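Please consult the sequence and the model shown below while reading.

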Amino acid sequence: KRGTCHAFSFLTASVLTAGRRLTLCSIPLASREGLPALVLALIERIQRRVNRIGYMAFDNGFQSSELILELQKREIPFILPLRDTVKLERRRRWMRYVRRFDYTTQGVTVDVVEAEDAKGRRYFLATNIPASPKRVLRLYKRRWGIETSYRKIREFLPKTTSRNWIVRIFNFIFACLLYNAWVVLNARAQTPITT
């Protein structure tokens with residue numbers, strides 16, 4: 001109503017398949033402390049119910065040596081964008097003709113691919129997927145479908161001015177369930193159902 005400086009945060013895991021995006025899990029976050037452990041617990045929960053994870057794509061808010069190390073140990077295919085730091089830029093200039101190189105961040109060595117999209121924007125992506133930089137970037141860019149799903153989830157989100165944490169959590173999870181039902185119905189419908 002009068003603006004706020006506080007936002008409610010959720011850790012979510014979504015699945016992307018052939019133009020469909022479903023929100024699998026949602027965990028409310030009080031802070032980002034201990035985020036790698038929460039992500040790993042979420043992955044374990046998903047692995048119990050899903051036959052095979054093709055790969056995990058993260059946004060750059062998940063850049064953490066602890067998370068990267070655990071993903072490597074568990075041999076979970078991942079793509080994680082790295083922040084364009086001075087150290088990374090120096091390493092890139094030194095290896096200027098190489099589009100894939102080893103990079104050590106926070107004591108963890110990771111395979112990094114450098115790729116450029118059609119608009120000329122350069123990406124540094126930490127990954128353990130043995131594919132060309134263009135292919136890795138193409139896989140990563142599919143993640144933008146998740147951002148689209150969040151916009152759609154907002155359309156299902158009940159309006160409230162309540163600051164009650166429980167009400168906010170309930171509203172968001174309810175909106176995710178409605179969105180998932182809409183996606184499943186659209187997948188089975190002869191003609192698309194609009195919101």
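The structure is a predicted model. The protein contains 6 helices and 7 strands, and these follow the pattern β-β-α-β-α-β-α-β-β-β-α-α-α when read along the sequence. Of its 195 residues, 36% count as buried.

**Overall organisation**

- The accessible surface of the protein amounts to about 12,700 Å², and carbon and sulfur atoms contribute 53% of that surface.
- Among contacts in the protein with a separation of 6 or more, 45% are accounted for by residues 24 or more positions apart.

**Pairing of β5 and β6**

- Strand β5 comprises residues 100-105 and strand β6 comprises residues 108-116; the two pair in the antiparallel sense over 6 bridges.
- Within this pairing, T105 stands opposite V108 of β6.
- The hairpin of β5 and β6 has 2 residues between the strands, and Q106 adopts a positive phi near 50° in this hairpin.

**Pairing of β6 and β7**

- Strand β6 is also joined to strand β7, residues 122-127, by 6 bridges, and these two strands run antiparallel.
- V113 has L125 of β7 as its bridge partner.
- The hairpin of β6 and β7 has 5 residues between the strands; here G120 takes a positive phi near 85°.

**R143 in the loop between α4 and α5**

- R143 lies in the loop between helix α4, residues 133-141, and helix α5, residues 144-156.
- Is R143 buried or exposed? R143 counts as buried because its relative accessibility is 6%, and buried means under 20%.
- Leaving aside residues up to four places away in sequence, R143 touches L16, A57, F58 and D59.

**Cysteines and disulfides**

- How many disulfides does the count give? The count comes to 0 disulfides under the rule applied.
- C25 has a relative accessibility of 14% and therefore counts as buried.
- C176 likewise counts as buried, because its relative accessibility is 5%.

Definitions and conventions
Residues are numbered from 1 along each chain as its sequence is written. This is a predicted model: local features need pLDDT of at least 70, side-chain atom pairs count only at pLDDT 80 or more; totals for chains, interfaces and linings use all residues. Side-chain values use heavy atoms; hydrogens and water are left out. Two strands pair if DSSP finds at least two bridges between them. Helices (H or I, at least four residues) and strands (E, at least two) are DSSP runs, numbered from the N terminus. Buried means under 20% relative accessible area, exposed over 50%, partly exposed in between (1.4 Å probe, protein chains only). Contact means heavy atoms within 4.5 Å. A disulfide is a pair of cysteine sulfur atoms within 2.5 Å. Accessible areas come from the Shrake-Rupley method with a 1.4 Å probe; for residues, only the protein chains shown count as cover.
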